[in-house]
Amino acid sequence: MRFGGLTAVKDVSVEVKPGSITAVIGPNGAGKTTLFNAITGVYEPTEGRVLVAGRDPQREFSSRVTMGIVVTALATAIFLAVLVRVEVLWQAAIIDNYVFQQPFPWMKAVAAFFTTFFGGGFFGTWLPLLIGALLGGAGRLVIWSRTRRTPDVIASAGVARTFQNIRLFPELSLVENVVVGMDRRLHTGFIGALFALPSALRERTKARMDAMALLDFVGLADRAETAAANLPYGHQRRLEIARALASKPAVILLDEPAAGMNPTETVDLMRLIRAIRDAGTTVVLIEHHMRVVMGISDRIHVLQYGEKIAEGTPEEIRNDPRCIEAYLGKEELG
Amino acid sequence: MAERRFSFFTPGQYAVLALLAATPFIDLAFPSIQLSGPMRTVVVYAILALGLNVVVGWTGLLNLGIAAFMAIGAYAFGILTAEIYPFQVGFWWALLLSGAIGAFAGWLLGAPTLRLRGDYLAIVTLGFGEIVQDGLKNLQTITKGTEGINPLPKPTIPFGAHIDAALSKVGVGSAATTDSAGTTATTALSATESVAGALPRWFDISSETPARWFYLYLILLAVVICLCRNLEFSRLGRQWFAVREDELAARCMAIEPDKAKLKAFAAGAALAAVAGALFASHLASTGEPANYDFQVSILALCIVIVGGIGSITGVVLGAIVMVGLSNVVLPALTQAMQRAGIGSTENVLSSPDNYKYLIFGLALVLMMRFRPDGIVHTRKAVKK
């Protein structure tokens, strides 16, 4: 992962076993959060891949994309060609055929429209069609290529995350926050939403019940209807975890979940993370609290200056001289 | 968002609708002022502002060109109903089609531009507003330039004749009023007429007297409010809020902000277009393109901000206050003063009508100082 000439994370490979807890540690600026951002699609990695269960989550260049490009190109072509001569077409199709309060000859009007449409010569018909097709097709292609690996694609593949500096939806209630996290499992479309169709209402009720269960799981059910911004800091972290869990992810990435928590909250958090793992979700976390890291991790990866310097079980890491050096400097431990 | 109770409206929404519904009674009590006609514009602007609220209040996109969609709706309605064109689909179909055309226009504008952030999108919508206005002015063959398309038919009430017949059978019905041309008028029940005075005429639904016309608009507003409320409490509404609050976090929750924004834009444009169609029907003409200029967009934005950004009740209340002031109270005051000989047409300062923007500006400044979230709050969060 490079930003201009600066290499932030280099040759880091993290393999995570399903159903385990993996920690990524390292001094400040080691590139831990950058690694998370590259994984979740916030940044486009300059090199390297993310495989979830052996697959690289991306928008493929599928037949649907091809169809989209063709349809957009055609639509813009026709739109542009009509737009540049809209008055001529209107005159030929409508005004020339309509006699006040007489029945309108629809077939004749349609025929006149098409004759005029294709009778514009190179500059009237074919050039606008060509430009429109190029613009529309190219635009659609560019949009596809730029959104191939956006966070929503990664999230849809079952990778959820929390953020180092909490990013909740502050004005939504706790339960709504969690329901937003559930979005990828919901199906209500525009029409269902607009008319509050029974299926939409059923889904909504079910989603809220699931959300309440999750809030209960992280211990926030009693404040379900307050706005997220009104929660104390430690609770906001738990809410973020609940929101990430709501999508039923295969992997959950926690970015410093224990930051700013007091010792009791930290112990609760450790219990919560173990419970998440035991429920079948793979956990990857960034953490500075050594007690948390050593206490719950199955495997630890250590980063320094954007490179991985060690990997192993908590026991191995604790005794690895390079890790001690990275964290505490070169002096002898006193 | 609290759990949705299964009702059509919230108490606040009932209250503002009831407030509006009282207008024709004022006419009945004071026949000299006649508010129902001008009050229709309040309803039109309420629908326009509700459309803007979807985009600005719920999705957090600044749209400075909502008047363009109103214009598109008005002209679509004009072309579809005017006698000079062959379509003449009638009020209801034209209303629906205008909404659909507006949504399409919103989608068309939004698809390539909604990836722009913040201020850039505002500039694009601002430009779009000007382009549409100029386009309508110059496409003379289609839009009749500054003349506007006219005359447009008044709205018709579906099954109006049947309702009339049914009502007359049960004895509530009415005399054929002079302005109810084309309806199957029932026999005059002179006894009822004399007893209850003007009241029976009220129930003559099929004829478009100002009161009935106003109620028709009010019912449409009620439908719009109900649909907006459905959206607010739906998955889509939640996606909009999430995008507004934190786009990146929403993305990481597998929401595609571009799609959510596009839907908001299209929904807002559709409502604005419906407002435009109703406006054209109210004037019986599309009017000139300058009727849909930047000031209209700004007025709609002021309504949303003063009323309470994101709150349906607030937005309708904002429309009552702002448009009620500029289109109803101030003109009435001006007229009254001129009749009393206080104001003169030569002295611009003596006519209250001309203080409109001064009052708007003052209202905005005061609101920003004392109640920045608008008359009706929606925000639960403590402001940092």
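Two strands pair if DSSP finds at least two bridges between them, and that is the idea to carry into the first close-up.

**Figure 1. Strand β3(A) sits between two parallel partners, β6(A) and β7(A).** This is a predicted model: local features need pLDDT of at least 70, side-chain atom pairs count only at pLDDT 80 or more, and totals for chains, interfaces and linings use all residues. Residues are numbered from 1 along each chain as its sequence is written, while chains are lettered from A and ligands numbered from 1 in the order in which they are written. Helices (H or I, at least four residues) and strands (E, at least two) are DSSP runs, numbered from the N terminus. β3 (residues 21–25) of chain A is joined by 4 bridges to β6 (residues 282–286), where T22(A) faces V284(A). Another 4 bridges link β3(A) to β7 (residues 299–304) of chain A, with A23(A) partnered by I300(A). A residue is buried if 20 or more other C-beta atoms, placed from the backbone, lie within 10 Å of its own, exposed if 12 or fewer, and partly exposed in between. I21(A), A23(A) and I25(A) point one way, T22(A) and V24(A) the other, and all are buried.

**Figure 2. Chain A is spread out, with 14 helices and 8 strands.** Its radius of gyration, taken over C-alpha atoms, is 28 Å, well over the 20 Å that the globule rule (2.2 Å times the number of residues to the power 0.38) gives for 334 residues, so chain A is more spread out than a compact globule. The C-alpha trace spans about 100 × 50 × 30 Å along its principal axes. An automatic or database domain assignment gives domain 1 (1–58 + 149–158 + 249–334), domain 2 (63–146) and domain 3 (167–230). The C-alpha centres of domains 1 and 2 of chain A lie 54 Å apart.

**Figure 3. Helix α12(B) gives the most residues to the side of chain B that touches chain A.** Two residues are in contact if their C-beta atoms, placed from the backbone, lie within 7 Å. By that rule, 35 residues of chain B meet 44 of chain A. Elements giving two or more residues to the chain B side are α7 (140–143), α11 (210–232), α12 (235–245) and α13 (247–252), and α12(B) supplies 7 residues. Which residues of α12(B) are buried? The buried set includes W240(B), F241(B) and V243(B), and in total 11 of the 11 residues in this helix are buried. They pack against α7 (174–181) and α8 (190–194) of chain A, together with α3 (36–58), α11, α13 and α14 (257–283) of chain B.

**Figure 4. I47(B) and M70(B) touch the most other members of the largest nonpolar core.** A nonpolar core is a set of buried Ala, Val, Leu, Ile, Met, Phe, Trp, Tyr and Cys residues joined through C-beta atoms within 7 Å. This one has 171 residues, and α14(B) gives the most, with 16. Leaving aside neighbours within four places in sequence, I47(B) is in contact with L221(B), V224(B), L271(B), V274(B), A275(B) and L278(B). Apart from this core lies another, of 6 residues, among them L89(A), W90(A), I94(A) and I142(B).
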